[in-house]
Amino acid sequence: MSSIAHACFLLLLATGLWMVWEVGFPFTFMWIYASLILFAVAFLAGSFVMVPSAKRRIAILSERGPSDPEFIALSQRAAKLGPALSVLALIIVWLMVAKPL
């Protein structure tokens with residue numbers, strides 16, 4: 001599953017950069033920089049925090065069950081990080097639509 005998501009994220013990045021180039025916006029606009037930085041943060045957090053955490057939670061769930069303290073702690077961390085990544089995605093969409101200078 002994560003390999004499909006990574007491919008989709010890279011396709012999203014490539015098509016977004018291509019559209020910026022096609023329209024002729026200079027890459028020096030603040031909203032482009034901010035969007036790329038937020039995209040990188042979200043991609044890295046998803047790849048190096050959420051995916052390993054999900055794999056670990058699945059392993060713990062199958063071995064020890066849902067009442068395990070480590071499972072609960074990992075689930076609580078994911079419950080906090082997931083919405084934060086969603087907020088980053090919404091900010092990126094706003095930057096792409098509003099294009100504030």
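Where is the place of Lys99? Lys99 sits in the segment after H3. The model is predicted. In it, Lys99 has a positive phi of about 50°, although Lys99 is not a glycine. Its relative accessible area is 30%, so Lys99 is partly exposed.

Step back now to the helices. Two packed helices are described by the angle between their axes and the distance between the axes. Helix H2 covers residues 30-64, and helix H3 covers residues 69-98. The axes of H2 and H3 come within 9 Å. They cross at roughly 155°. Angles over 145 degrees count as roughly antiparallel, and H2 and H3 are therefore roughly antiparallel to each other. The crossing of H2 and H3 is left-handed.

Is Ala45 buried or exposed? Its relative accessibility is 15%. The cut-off for buried is under 20%, so Ala45 counts as buried. Ala45 can also be set against Ser67. The two are 22 residues apart in sequence. In space, 26 Å separates Ala45 from Ser67, C-alpha to C-alpha.

Next come the charged side chains. Side chains of opposite charge can pair when their charged atoms come close. How many salt bridges are there? The count comes to three. Take the pair of Glu70 and Arg56. Their side chains meet in a salt bridge, at 3.3 Å from N to O. This pair links distant parts of the chain. Glu70 lies in helix H3, Arg56 lies in helix H2, and the two are 14 residues apart. Glu70 has 31% relative accessibility, so it counts as partly exposed. Arg56 is at 33%, so it also counts as partly exposed.

Arg64 takes up the other pairings. One partner is Asp68, with the closest N and O atoms 3.3 Å apart. Another partner is Glu70, and here the closest N and O atoms are 3.4 Å apart. Asp68 is at 11% and counts as buried.

Which residues form the nonpolar patch on the surface? They are Leu17, Trp18, Met19, Trp21, Phe27 and Leu36. Together these residues have about 620 Å² of accessible area. Helix H1, residues 2-23, gives the most to the patch, with four residues. Trp21 is found in helix H1. Its relative accessible area is 58%. The cut-off for exposed is over 50%, so Trp21 is exposed.

H2 and H3 run roughly antiparallel to each other. The Glu70 and Arg56 pair links H3 with H2. Helix H1 gives the most to the nonpolar patch. Lys99, with its positive phi, belongs to the segment after H3.

Terms used: Residues are numbered from 1 along each chain as its sequence is written. This is a predicted model: local features need pLDDT of at least 70, side-chain atom pairs count only at pLDDT 80 or more; totals for chains, interfaces and linings use all residues. Side-chain values use heavy atoms; hydrogens and water are left out. A salt bridge is a side-chain nitrogen of Lys or Arg within 4 Å of a carboxyl oxygen of Asp or Glu. Buried means under 20% relative accessible area, exposed over 50%, partly exposed in between (1.4 Å probe, protein chains only). Patches are made of residues with over 30% relative accessible area and no salt bridge: like charges are joined within 9 Å, nonpolar side chains (Val, Leu, Ile, Met, Phe, Trp, Tyr) within 5 Å. Accessible areas come from the Shrake-Rupley method with a 1.4 Å probe; for residues, only the protein chains shown count as cover. Axes are lines fitted to C-alpha atoms, for helices over the stretch in contact, and angles run from 0 to 180 degrees between N-to-C directions. Angles under 35 degrees count as roughly parallel, over 145 as roughly antiparallel, 65 to 115 as roughly perpendicular and the rest as oblique. A crossing is left-handed if the near helix is turned anticlockwise from the far one by less than a right angle, and right-handed if clockwise.
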